[in-house]
Amino acid sequence: MRDRSEKRPPIGSPSRHSSSPRTLLLRAGFQDPARAGTLLGDPALLPFLPADAQADDVGEAGDPGGRVSADRSRRPGGRPADVRLGPAREDLIDSLALTADPDMALLSLVRLAEAATASESGHLVSEGGIEPGCTTTPAALLRSILSDPAAEPREHRHRLLAVLGASQALGDFLVTHPERLTALAPLRAWGSPEEPGVGETLQRAVLDVLGQADLAEADPSDSDETTPHPAGAGPAVSRATAVLRRVYRDRLTAIVADDLTSADPIEHVPTVCRRMAELADAALDAALLVARAAVGPQADEVALAVIAMGKTGARELNYISDVDVVYVVGPAHEPQDAQEPISEEHLVDVGTHLATELAHVVSATAPEPPLWPLDTALRPEGKDGALVRTLDSHLAYYRRWAASWEFQALLKARACAGDAELGTLYEQGVAPYVWEASRRENFVEDARAMRRRVEKESVPRGGEDRRIKLGPGGLRDVEFTVQLLQLVHGRSDESLRVRGTLEALDALSAGGYVSRTDAAALSGCYKALRLLEHRSQLFRLRRTHNLPEKAENLRRIERGISDCLGRGDSLWEGFKDLRRRVRSLHQEIYYRPLLGFAAALSADEMALSPQAARERLAAVGYTDPDGALRHIQALTEGVSRRAAIQRQLLPVIIGWIGEGADPDFGLLSFRRLSEAIGGSHWYLAMLRDSPVAARRLCQVLSSAHWATERLAEFPESIAWLDDDGELEPRRSVALAEEVAAVLRRRSLTGPDDAALAEQALEATQAILRVRAREEVRASLADCLDCIDPERTASILSDATDAVLDGALTVATGLVIAQRDGLEAVSSGPDADGRWQAALARHAIVAMGRLGGREIGYASDADVLFVHEACDGVGEEAAAQEAEAVAKQVMGLLASALPHPLEVDCDLRPEGRNGVMSRSLDAYREYYGRWSALWERQALLRARSCAGDRDLGRRFEELINPLRWAQDGLQPQDLREIRRIKARVEAERLPRGIDPARHLKLGPGGLSDVEWSAQVLQLAHAGRIPELRTTSTVGALQAAVQAGVLSADGGGELVAAWILASRLRSAIVLGTGRASGPRSQVLPTQIREIRLVGRLIGLGAGRERELEDLYRRSARHARAVAERIVFTDTAAHGSSASTQPTTTSQAQQHSADSPPPHSTGWARNARAQPRRGAEAAGSKSSRRANRSRATRRRPEGPYPWS
């Protein structure tokens, strides 16, 4: 819909600058100006115009009678002659220009003038005279309407021409009954104080014909008991039917006139629908009088209630549509003591006769056109069922056999005519079944399936889809959406128990079930679509729910609603846009998973009554139901919109949280989160509207303490739960750009060193917040999709690299500012983070798990600092700056609360006794002369991660010959490795910890796997380039591909490393322990076991398998590690080897150890019995394959799995 703030002139409004009649007519919107010119001079019309109009063409036409022939009204080329129109006809053209179709309006006006003249002459007066409300002088009235300048006649003319220009059918009605011109008078408008109610009007008209005019004063509710039965009922019934239909169209014409002349047709749509329903109610009530007269005296024994269904029941009736009804029959009077009650068979028989006659009155073919078809297909058993039933029969059917869709139809049921008391009993009887229907099995799924079926069955066979009602994005989408929400939530919220679609939308919005924005959009689109439907039906008053195909019909509709739908695009494009908007909202709301779960709850559970809530909390796994109930009461108390939305969310959410490992903590966390950010407009709305967010949030809150604590700090991360793409790793380049942007907004401007240090700390806190946010991203993905160490490490490593790079920039700037003053840093760093006043280029080299891009949530950052003096700068000055920068980096990152990053540089040359940063030459000298084997092993994971890229690359080139040594490992090197490994296992394990439960240092833990991979790299990377990687898993896979490690052994090591890494992350996420000795130990408490087990994918009840699963994996990995690290067979890759002492040892080494370069070793290996080795390898392979099959992680349900 368009902006209607500025009132625009209607399409075709004439301009007073017209230079010819033809131009004036074209500007007024006439499509056939030649015919319009002829009609304006038609002799039938001229007497009704002001006196000057009859002399306009005299003199030019040469006809003293004022007639303008068709020949003289055209130029030789066929165009209208430039005759003088005069003020009267120009004023008429101005009025016609305001209509939807000026050509049709003018033609109908000429026909009406002829009919009014003939009627006033007495040619068309009926035998019974003029009916009440009509005029005996239609010609005089029309002359006044067209020529009187007073306000009331001009308003009458405006209403008349509007109707004639929009509806050919109503124009024909007025031409046939010109005495009904009074229907368009302002004083007879709907709701006018001078106009009696429509029910009274129709009943009086019918009773007058039936010969009982005095009964019109009786109470309409008593009409069943005072129905006349005149002699010769047949003719009277026919006359009564005819007058009923005429009076109905008389009042319909008034409704249409109000609609067409309203200032805002879209906002007037609900008024039109309500008035049409009132008119239909009155017509049915009056028609029932006629039907009783037709049936005769036996009709007085029966009370018949007409129940409106569908749009009629909801008071949303179109101009022309089926009127859906259901009939209920009962005795008219209570039987007296000695009187036998009327049998049900007799009641049904007479009621069926009455219903049949009623249908004839409103729908049968007769001289006056029928009103509308009466559709009874919504009755019990549909078209196969009885037309009329007693109340008990209705209720028995709905209690035992009704389908789900029938209860949805009953949502609109309303007693509209006939016996009011019986109709009220029907409404009260069916209401409980309606509001309990959503608890039926598969109710929501059935409702959705029915919507899809209706849409599919109404698809047009060819051409464009013009369906206003049944197509995608049509009226049915809005109605089905609203009705499903009503039926699900109306059980516990009586404010939703309304019939009208727009009233229900208002109630759903007020109750928080639909956002205000969505409700307003749906309401606006619904009214716009109903307006299009009304105007499509109005032309011929024919039943249609499609937009017309012909261009002239579309043009008529567009002109009639140009002020409210706009005039920029075509009506067709506007219609398609409306449907797109409706369809989007329908799919978003109608398919909420919340609805399906809420439908399965009882009314008490939906209402969260204390007893029902306490029982349900205990049933779904809460260990403290009373405490959980207090959380629920705190969230739902009050009358705020937030509390209203919580009341609809919590019945489902407590069930979803109950599915987690720690429901009590999950509900407490949900309360804390809601109290912290529940005031945000998007939070509760997203949980209500999103198809996945609420359930995912419940899964996180009840299974991950660490992630839950971070959500309130980063509320925007909750919105990620609604978008799979947000849970995928961000590109490292994007993170680096974000950190750089953060630093550009924070410059060093402090007046002294302390202020500069404070500003540097604030900048560091800002960039560490980026890393903390990425930790939340990784944790959410892990909670929802089990735990993927590779994905987690990728997210955290990229974020840590970006933070280290930003911290290096900040630290360098701080050192320069404190040394040289603010002017030295006033221009800021360049795009690469370099400072112009720096004395050296700086780089950070990642080591350990960070270097291997394998860090977890509790990992620190092992690094080396390297620098190179700038041109013209002395080594000593550069070294002093580099030392200060390295210390500032570590200090800033350690002090930046609340999420500091511990930076460890103990792996630098000389360890803690060495300088923090060295130049390339210093590193070259140290590694060339004094490096130990453990330093060579540590350098296997060295990776340039921050600072000067060229410097970092040259550092890697410097150390590559050392870590990828061509001569591999010497025997003494391998012995040294074993000595260090044994010492680590003996000394670094925390006291009191069972080694078998320690994920890092225990047998078969991460340390065993990583040392095995590093031994293979030290031994063979010099000759196998594929082994030159910083990744543990990558190195093991390369070793298998190169043949230096058996596939079974490699599989065992990789599986153990992945499982241990997943468990480490699960312990941090589940228990919240990110540090301390127990953060790397398998839990022993059952609550923690459940949390960790669920996070790695063990289903409910299987969490106790966690320890067995890990111990089995570690045992297999330890066996392989012992063969690689602790076997005394040979030095890996050395030129000399030790002869194996037993055949068994040789067999094991041949299966799991890489083939050395030594030819002597090769001869010894070839000398071993191949048959035994093959058998051992086959047995090991079968065992390993079985083990991997049981531990294989299934594909997750998310795109990032």
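What share of the contacts in the protein with a separation of 6 or more comes from residues 24 or more positions apart? The figure is 74%. Keep in mind that you're looking at a predicted model.

## The overall picture

Let's start with the whole chain. The protein has 1201 residues, and 56% of them count as buried. If you go through the secondary structure, you'll find 49 helices and 10 strands.

| Helix pair | Angle between axes | Distance between axes |
|---|---|---|
| α4 (residues 102-120) and α6 (residues 151-166) | about 115° | 7 Å |
| α10 (residues 265-295) and α12 (residues 344-363) | about 120° | 8 Å |
| α42 (residues 1006-1020) and α43 (residues 1032-1042) | roughly 55° | within 9 Å |

Take α4 and α6, whose axes pack at an angle of about 115°. Angles of 65 to 115 degrees count as roughly perpendicular, and therefore α4 and α6 are described as roughly perpendicular to each other. Their crossing is right-handed. On the α4 side, the residues involved are Met104, Ala105, Ser108, Leu109 and Leu112, and they meet Leu160, Leu161, Leu164, Gly165 and Ala166 of α6. Sorted by class, this contact has eight nonpolar residues, two polar ones and no charged ones.

Now for α10 and α12, which pack at about 120°. That angle makes α10 oblique to α12. The crossing here is right-handed. From α10 come Leu284, Ala287, Leu288, Val290, Ala291, Arg292, Ala294 and Val295, which meet His353, Leu354, Glu357, Leu358, Val361 and Val362 in α12. The class count for this contact is 11 nonpolar, one polar and two charged residues.

Finally, α42 and α43 cross at roughly 55°, and they are therefore oblique to each other. This crossing is left-handed. Val1009, Glu1010, Ala1013, Leu1016 and Gln1017 are the α42 residues that meet Thr1032, Ala1035, Leu1036 and Ala1039 in α43. Split by class, the contact has six nonpolar residues, two polar and one charged.

Is Ala1056 buried or exposed? Ala1056 counts as buried, because its relative accessibility is 1% and the cut-off for buried is under 20%. You'll find Ala1056 in helix α44, which covers residues 1047-1071. Leaving out neighbours within four places in sequence, Ala1056 is in contact with Gly1004, Val1009, Ser1113 and Ala1117. Another residue to check is Asp1008, which is 48 residues away from Ala1056 along the chain, while their C-alpha atoms are separated by 9.6 Å.

## The loop between α37 and β8

Next, look at the loop that runs between α37 (875-895) and β8 (903-904), where Glu902 is found. Glu902 is exposed, because its relative accessible area is 53% and exposed means over 50%. Not counting residues up to four places away in sequence, Glu902 touches Asp860 and Ala861. The C-alpha atoms of Glu902 and Asp862 are separated by 8.6 Å, although these residues are 40 apart along the chain.

Pro898 lies in this loop too, between α37 and β8. What kind of peptide bond joins Leu897 and Pro898? This one is cis, with omega at about 10°.

## Two positive phi values

Asn442 has a phi near 60°, which is a positive value in a residue other than glycine. Asn442 sits in the loop between α15 (420-436) and α16 (443-457). With a relative accessibility of 41%, Asn442 counts as partly exposed.

Glu910 isn't a glycine, and its phi is positive at about 70°. Its place is in the loop between β8 and β9 (917-919). Glu910 is partly exposed, with a relative accessible area of 44%.

Note on methods:
Residues are numbered from 1 along each chain as its sequence is written. This is a predicted model: local features need pLDDT of at least 70, side-chain atom pairs count only at pLDDT 80 or more; totals for chains, interfaces and linings use all residues. Side-chain values use heavy atoms; hydrogens and water are left out. Axes are lines fitted to C-alpha atoms, for helices over the stretch in contact, and angles run from 0 to 180 degrees between N-to-C directions. Helices (H or I, at least four residues) and strands (E, at least two) are DSSP runs, numbered from the N terminus. Angles under 35 degrees count as roughly parallel, over 145 as roughly antiparallel, 65 to 115 as roughly perpendicular and the rest as oblique. A crossing is left-handed if the near helix is turned anticlockwise from the far one by less than a right angle, and right-handed if clockwise. Contact means heavy atoms within 4.5 Å. Ala, Val, Leu, Ile, Met, Phe, Trp, Tyr, Cys and Pro count as nonpolar, Asp, Glu, Lys and Arg as charged, and the others, Gly among them, as polar. Buried means under 20% relative accessible area, exposed over 50%, partly exposed in between (1.4 Å probe, protein chains only).
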